[in-house]
Amino acid sequence: MVVTAPSPGAVTTMTGRAWAVLAVLCGAIFLEGVDVAMLNVALPSIRADLGLSTGTAGGVVSAYVLGYGGFMLFGGRAADLLGRRRMFVFWMTVFLVFSGLGGFATTGWMLLIARFVTGVAAAFLAPAGLSLVTTSFAEGPVRDKALLVYSGIAAGGFSLGMVAGGLLTALGWRWVFFAPVALSAVILVGVLALVRDSEVPQRVRGGFDVLGALTVTGAMLLLVYGVVRLEHPGESAVLTAAVFAVGLLLLALFVVIERRSEAPLVRLGILRSANVLRTTIVGLLFQGSFAGFQFVGTLYLQEVRGWSAVQTGLAMVVIGIDAILAPTLTPRLVRRFGTARVIFVGMLLASVAYLLFLPMNIDWAYAAMLPTMLLLGLAFALVYGPLTIAGTDGVAEQEHGLAGGLLYTGFQFGFALGISAVTAVTVASGPIAIGGLRTALVVPVTAALVAVVVAASGLSSRTSCAGNLEEGSLVR
């Protein structure tokens with residue numbers, strides 16, 4: 001791999017200030033993960049307290065997914081064109097305000113609006129944060145180290161959020177919304193004091209591609225909504241098909257607009273990159289398989305075994321070991337074997353982890369579940385971080401926000417697809433029971449195995465990002 005010259009102001013050595021900048025940006029992605037996980041754990045208490053119907057309770061989760069998935073590509077490109085730090089600060093403020101409003105909700109519709117806007121804010125925050133990391137740290141070992149720490153904290157936030165959600169729910173479910181407000185305020189102060197854009201965005205010739213932004217956002221919203229509707233296949237299949245059809249029509253219209261636009265929102269040429277497509281697909285399947293497993297595992301532990309939310313969170317907290325392994329073990333493996341091989345092995349481990357959970361039964365001891373949790377923690381360390389490195393490999397710096405938006409769009413679609421698929425299988429199987437959950441677990445197993453095949457297609461690539469010592473992309 002050819003290493004480009006560092007951008008002006010990019011960090012070339014990990015000084016104290018560099019670690020402080022990384023800590024602030026890691027705090028933001030940690031906040032995103034912990035926010036989602038805490039709400040999932042608190043949802044039964046929220047439903048009981050506010051008297052929500054099953055549909056409204058499910059909509060609280062879906063609203064966030066709609067906002068996140070619908071605006072992700074728009075958010076990624078906006079960071080490139082309007083300024084990464086500017087977008088980060090503005091949308092972190094929005095995240096803070098609407099998370100707080102969610103804590104004051106007294107009706108279902110108030111909660112739905114708060115979660116949708118919070119999801120939109122996250123859609124702008126995630127690619128802006130990732131591109132701030134990739135542009136603040138010089139390409140090579142420093143950036144790779146930063147990205148692996150960043151991704152490890154992201155995944156660790158999700159697993160630790162389950163425990164935090166259980167503990168905060170015991171105090172009162174509103175604390176699940178108020179706690180992120182406090183963390184958001186700390187991050188906001190840190191960003192204003194420490195983080196700077198590596199370059200000032202230039203004025204876009206031809207103006208901002210408003211029509212492209214509207215069509216792609218509309219397409220993403222409808223496609224995600226269609227996926228969410230798949231959770232209940234018996235509810236108006238015609239409407240679901242119509243939602244997908246209009247979403248695909250808008251996506252096609254978006255492509256036509258981008259081809260003719262003088263200043264396109266998304267340069268379609270980036271989609272011709274095999275590396276970008278591969279990492280996005282693997283990210284989608286990886287996230288989808290884990291989301292499906294978490295759903296099945298939570299139903300098994302809470303509905304079948306009768307465990308509390310806190311016990312369930314503690315059972316899965318082992319997955320959070322990736323927050324330790326990602327910045328320590330993973331850089332060495334990437335340095336020696338390259339990102340493509342590391343991702344491939346990580347997906348193999350994830351597949352084995354889900355297969356090991358298939359024999360679950362009513363009398364299973366936690367010791368029988370532990371190998372799955374440990375392997376998933378290791379899989380996260382080997383897949384999530386290297387994907388964020390590979391996702392911007394070979395992409396011009398001015399398009400890092402777009403590349404990050406594509407990767408996170410894959411993550412979000414994967415999450416929605418994983419939840420929808422296992423929910424549909426579980427519902428079709430009748431009342432929650434071991435047999436139905438085993439059948440539903442086939443979904444994450446299949447998704448992980450397909451991801452292994454896709455990841456294998458990158459093993460022959462010489463541009464395995466951050467990985468070939470003989471090409472000088474990393475130093476020992």
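Analyst: Two residues are in contact when heavy atoms of theirs lie within 4.5 Å. Keep that in mind for what follows. Note too that this is a predicted model.

The helix to look at is α13, which spans residues 366–390. Start with a partner helix. Helix α11 covers residues 322–337, and its axis runs 9 Å from that of α13. The two pack at an angle of about 60°. Angles of 65 to 115 degrees would count as roughly perpendicular, and those under 35 as roughly parallel. The pair is therefore oblique. The crossing of α11 past α13 is right-handed.

Which residues of α11 and α13 meet? On the α11 side they are Asp322, Leu325, Ala326, Leu329, Thr330, Leu333 and Val334. On the α13 side they are Gly377, Leu378, Phe380, Ala381, Leu382 and Pro386. Sorted by class, this contact holds 10 nonpolar, two polar and one charged residues.

Is Thr372 buried or exposed? Its relative accessibility is 0%, and buried means under 20%. Thr372 therefore counts as buried. Setting aside neighbours within four places in sequence, Thr372 touches Phe293, Ala353, Leu356 and Phe357. Phe90 is another story: 282 residues separate it from Thr372 along the chain, and their C-alpha atoms are 40 Å apart.

Phe357 is among the residues with the most contacts inside the largest nonpolar core. That core has 128 residues. Phe88, Tyr300, Met347 and Tyr408 are also listed among its most connected members. Take Met347. Beyond its neighbours within four places in sequence, Met347 is in contact with Val282, Phe286, Val383, Ala448, Ala451 and Val452. There is also a second, separate core of 15 residues, and Met38, Ala42, Ile46 and Ala105 are included in it.

For contrast, look at another helix pair. Helix α14 (residues 400–428) and helix α15 (residues 434–456) pack at an angle of about 155°, with axes 9 Å apart. Angles over 145 degrees count as roughly antiparallel, so α14 is roughly antiparallel to α15. This crossing is right-handed. Ala421, Val422, Val425 and Thr426 of α14 meet Leu437, Thr439, Ala440, Val443 and Pro444 of α15. By class, that contact has seven nonpolar, two polar and no charged residues.

Terms used:
Residues are numbered from 1 along each chain as its sequence is written. This is a predicted model: local features need pLDDT of at least 70, side-chain atom pairs count only at pLDDT 80 or more; totals for chains, interfaces and linings use all residues. Side-chain values use heavy atoms; hydrogens and water are left out. Axes are lines fitted to C-alpha atoms, for helices over the stretch in contact, and angles run from 0 to 180 degrees between N-to-C directions. Helices (H or I, at least four residues) and strands (E, at least two) are DSSP runs, numbered from the N terminus. A crossing is left-handed if the near helix is turned anticlockwise from the far one by less than a right angle, and right-handed if clockwise. Ala, Val, Leu, Ile, Met, Phe, Trp, Tyr, Cys and Pro count as nonpolar, Asp, Glu, Lys and Arg as charged, and the others, Gly among them, as polar. A nonpolar core is a set of buried Ala, Val, Leu, Ile, Met, Phe, Trp, Tyr and Cys residues joined through side-chain atoms within 4.5 Å. Buried means under 20% relative accessible area, exposed over 50%, partly exposed in between (1.4 Å probe, protein chains only).
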